[in-house]
Amino acid sequence: MRRAAHAVSALLPQPVRDPARRLVMSAIPILQCAIAAGVAWWIAKDVVGNPQPFFAPIAAVVSLGLTLATRVRRVFELLAGVVVGIGVGSLLIQFIGTGPWQIGLVVGLAMVIAVVVDGGPVITMQAATSGVLVATLLPPGGGAGFTRMMDALIGGAVGVLVVALLPTHPVRRARRDAAALLGSAVDVLRQVARGLETEDAAVIEQALKKARATQPGIDQLRGDLKGGRDISRLAPMYWGSRTRLQRLAATADPIDAAIRNIRVLTRRALTLVLDGEPIEPDLVKLVRSLADATDVVRKMTLADPGEQPDEVEAARRLRTVARMARFEVVRGGGLSSGVVLAQVRSTLVDLFQVAGLKRVSALATLPPTVPHPAVPPDEQGDV
């Protein structure tokens with residue numbers, strides 16, 4: 001269904017295409033929030049008996065949000081913030097009454113305690129808002145504070161239950177994040193190759209801007225991996241996905257490192273062109289081949305188990321590029337050419353790890369550049 005929705009959105013006019021895709025990506029979280037809010041209200045009002053359980057649906061929605069990352073942690077931060085805010089507010093208001101300075105004191109003290117206890121944004125803001133509620137709306141000495149805490153508990157519990165029974169896929173979103181980052185890497189490398197071939201610094205400058213814009217994607221990948229781990233623990237229907245999620249999580253650091261190495265490669269390629277260094281055709285071919293192999297790795301991250309390309313095919317393509325990454329490629333060039341070659345080799349090591357190889361095995365695929373390398377080359381690579 002999701003693939004069909006993306007195919008349909010691709011046919012839409014550009015002004016509505018991106019909003020349509022965002023809606024598809026957020027459809028399940030929106031549905032989760034809507035169901036959780038209604039269920040939390042029903043339990044708090046009709047089951048528990050609170051006539052105005054306004055905080056129960058609020059707590060459910062806040063505990064879920066529209067993002068996958070750290071949802072379980074968010075629930076406990078929410079509950080802790082409510083307890084701190086109501087506790088501080090109830091204690092102080094009994095002795096100092098209500099008013100502008102009392103509200104300020106309650107909020108400030110509640111936030112200080114929340115920061116000392118945890119420091120997370122959810123617990124801190126919930127402590128503040130709960131303190132305001134106690135200082136302005138709830139009668140001193142009444143039971144409304146306990147009722148609010150009960151509402152928070154109901155809302156948080158419903159949020160966790162909805163994630164368990166109506167989960168988003170714990171792997172799919174992170175897999176798309178990884179593929180998007182690798183797709184950006186492919187685009188950057190191809191632009192760099194084109195800029196080197198034509199000695200066009202402007203093309204490489206555009207590639208560098210794109211490379212520098214990848215950090216939010218890396219943060220998104222790590223966040224969705226954390227959210228996926230929460231879901232794989234909570235949702236029985238996805239308990240079997242834990243091994244696959246672990247394999248995907250193991251690629252986060254190598255993908256991050258590959259992107260960083262490609263940024264350095266791009267900066268140095270720009271220097272190479274600006275300084276007018278001789279550009280070896282074999283170096284251009286190497287960068288372009290690396291882009292093509294990276295695209296195979298990207299397709300590997302999107303492939304379902306049993307589909308091609310798999311890790312074996314991705315590693316085979318990377319080995320083909322690794323055999324090209326010899327010192328002779330830049331023998332007629334200058335310092336910047338050597339740095340570009342070094343970054344290609346480093347990026348290959350990172351991508352090999354994305355394809356499932358250990359770092360030592362990845363290093364062994366590279367042709368030696370010194371007589372006695374720390375990791376001896378593996379002469380049995382694919383031909």
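The model is predicted.

**Exercise 1. Confidence**

Task: State the mean pLDDT of the protein chain, and find which elements have the lowest and highest mean pLDDT.

Solution: 
- Start with the chain. Its mean pLDDT is 84. Of its residues, 88% reach 70 or more.
- Go to the elements. Helix α1, residues 2–10, has the lowest mean, at 53. Helix α12, residues 252–274, has the highest, at 97.

**Exercise 2. Helix α8 against α9**

Task: Determine how α8 and α9 are oriented, parallel or antiparallel.

Solution: 
- Take the geometry. The axes of α8 and α9 lie 8 Å apart, and the packing angle is about 165°.
- Compare with the cut-off. Angles over 145 degrees count as roughly antiparallel. Therefore α8 and α9 are roughly antiparallel to each other.
- α8 and α9 cross in a left-handed sense.
- Look at the connection. Glu 199 sits in the loop between α8 and α9 (201–212). Glu 199 is not a glycine, yet its phi is positive, about 55°.

**Exercise 3. Helix α8 against α10**

Solution: 
- The crossing of α8 with α10 is left-handed.

**Exercise 4. The largest pocket**

Task: Describe the volume and the lining of the largest pocket.

Solution: 
- Begin with volume. The largest pocket holds about 470 Å³ of space.
- Find the centre. The lining has 21 residues, and the closest to the pocket centre are Arg 244, Arg 247, Met 300, Ala 303 and Glu 311.
- Trace the sources. α11 (242–249), α13 (281–302) and α15 (335–354) each supply at least two lining residues. α11 gives the largest share, 3 residues.
- Sort by class. The lining has 8 nonpolar, 6 polar and 7 charged residues.

**Exercise 5. A peptide bond**

Task: Is the peptide bond from Gln 308 to Pro 309 cis or trans? Where is Pro 309 found?

Solution: 
- Check omega. For the Gln 308 to Pro 309 bond, omega is near 0°. The bond is cis.
- Locate the proline. Pro 309 belongs to the loop between α13 and α14 (311–324).

Notes: Residues numbered from 1 in each chain as written. Predicted model: local features only at pLDDT ≥ 70, side-chain atom pairs only at ≥ 80, totals over all residues. Heavy atoms only, no water. pLDDT = per-residue confidence, 0-100. Helix = DSSP H or I, 4+ residues; strand = E, 2+ residues; numbered from the N terminus. 1 Å grid on protein atoms, 1.4 Å probe; cavity = no way out; pocket = protein on both sides within 12 Å on 5 of 7 lines; lining within 4 Å. Points joined across faces, edges and corners; volume = space filled by probe spheres on them. Nonpolar A, V, L, I, M, F, W, Y, C, P; charged D, E, K, R; others polar. Left-handed = near helix turned anticlockwise from the far one by under 90°. Axes fitted to C-alpha atoms, helices over the stretch in contact; angles between N-to-C directions. Parallel < 35°, antiparallel > 145°, perpendicular 65-115°, else oblique.
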